[in-house]
Each structure stands twice: as C-alpha cells, then as structure tokens.
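Open the model in your viewer and keep the sequence panel beside it. The tour goes from one selection to the next and says what is there.

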Amino acid sequence: VPNMNSLGTQTITYRVSDASNLAVSRTRAVVVRDTRPPVITVRGQASLSVESCCTASSALCAGSCAYVDPGATATDIVQTSVSVVTSGLPAPSQLRTPTATGATGIVITYT
C-alpha cells in the first residue's frame, strides 16, 4: 500500500506462487502528487481603506505615517509548514498582496 503522505513514485509488488513452487510477480508504480494549492487566510478585513498622511511633495514622511499589515496565514494538506510571503509597497495608499507557495510550487494569491 503506498504511503499517501510521501510524495513521489512508489512501487507495489504483487506475487503469487502455486503448489509446485512456481512463482510470478508484477509491479505497479504509484505516483503520489500534491495538486492542491495551499489555503491562505487574510487576517482582518479583505479590503481596507486607509487615510494617507503624506503629501506628494513630502519625500520623508514615512517615519510619521506607516501602514501596519494584519498579515495572513496559510495551510497545505501535504506540507506541514508553508510560509506566507507579503509583497507590495508599504505606503498607506497601497495594500500588500499575500502569496503562499506549497511544496510543489503551486502559488495562490489573495488580492
């Protein structure tokens, strides 16, 4: 019986023998794959509106005004630990887009 928690090719061997001790065997290759993407959960509201506290002419206003991202979590049915990568500009007018990548490279993005 293949181990359904171990990705890759596994071999099952079938063997039979008769009373004359004549035997034959056959094998079957079973490929266990991860085809389901991870599940990502965005903390807080899916859409946020924030008030900008910087003006276009103010180049150095980041110290007094910052967007704090509530973050996201991710789970995968095969991989016990998946990392959430947050990308995007941290400016108050632009929200970040969390992305999770599973063991097989499947990527899911929440916008």
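What follows starts with the whole chain and then moves to single residues.

**Before selecting anything**

This is a predicted model, in which local features need pLDDT of at least 70 and side-chain atom pairs count only at pLDDT 80 or more, while totals for chains, interfaces and linings use all residues. Residues are numbered from 1 along each chain as its sequence is written, and side-chain values use heavy atoms, with hydrogens and water left out.

**The whole chain**

Colour the protein chain by pLDDT, the predictor's confidence in each residue, from 0 to 100. The average is 75, and 61% of the residues score at least 70. Next, select residues 91–97, where the pLDDT is below 50. In the model this stretch has 22 contacts beyond near neighbours in sequence; a contact means heavy atoms within 4.5 Å.

Switch to a cartoon view. The protein chain has 7 strands and 0 helices; both are DSSP runs numbered from the N terminus, helices being H or I with at least four residues and strands E with at least two. Of its 111 residues, 18% count as buried. Here buried means under 20% relative accessible area, exposed means over 50%, and partly exposed is in between (1.4 Å probe, protein chains only). Among contacts between residues at least 6 apart in sequence, 44% join residues at least 24 apart.

**Strands S1 and S2**

Select residues 8–17, which form strand S1, and then 23–32, which form strand S2. The two strands run antiparallel and are joined by 10 bridges; strands pair if DSSP finds at least two bridges between them. One place to look is Thr13, whose bridge partner in S2 is Thr27.

Leaving aside neighbours within four places in sequence, Ser25 is in contact with Thr13, Tyr14 and Arg15. Ser25 counts as partly exposed because its relative accessible area is 36%.

Move to the loop between S1 and S2 and select Asn21. The hairpin has 5 residues between its strands, and Asn21 takes a positive phi near 65° there. Most residues other than glycine have a negative phi. Is Asn21 buried or exposed? Asn21 counts as exposed, since its relative accessibility is 65%.

**Gln10 in S1**

Return to S1 and show the side chain of Gln10. What does this side chain reach at 2.7 Å? The atom is the backbone nitrogen of Asn3. A polar atom of the Gln10 side chain also lies 2.9 Å from the backbone oxygen of Ser6. Gln10 counts as buried because its relative accessibility is 17%. Beyond its neighbours within four places in sequence, Gln10 is in contact with Pro2, Asn3, Arg28, Ala29, Val30 and Val32.

**Last stop: Met4**

Finally, select Met4 in the segment before S1. Met4 is exposed, because its relative accessible area is 57%.

Technical notes
Polar contact = N/O pair within 3.5 Å; in protein donor to acceptor, adjacent residues only side chain to side chain.
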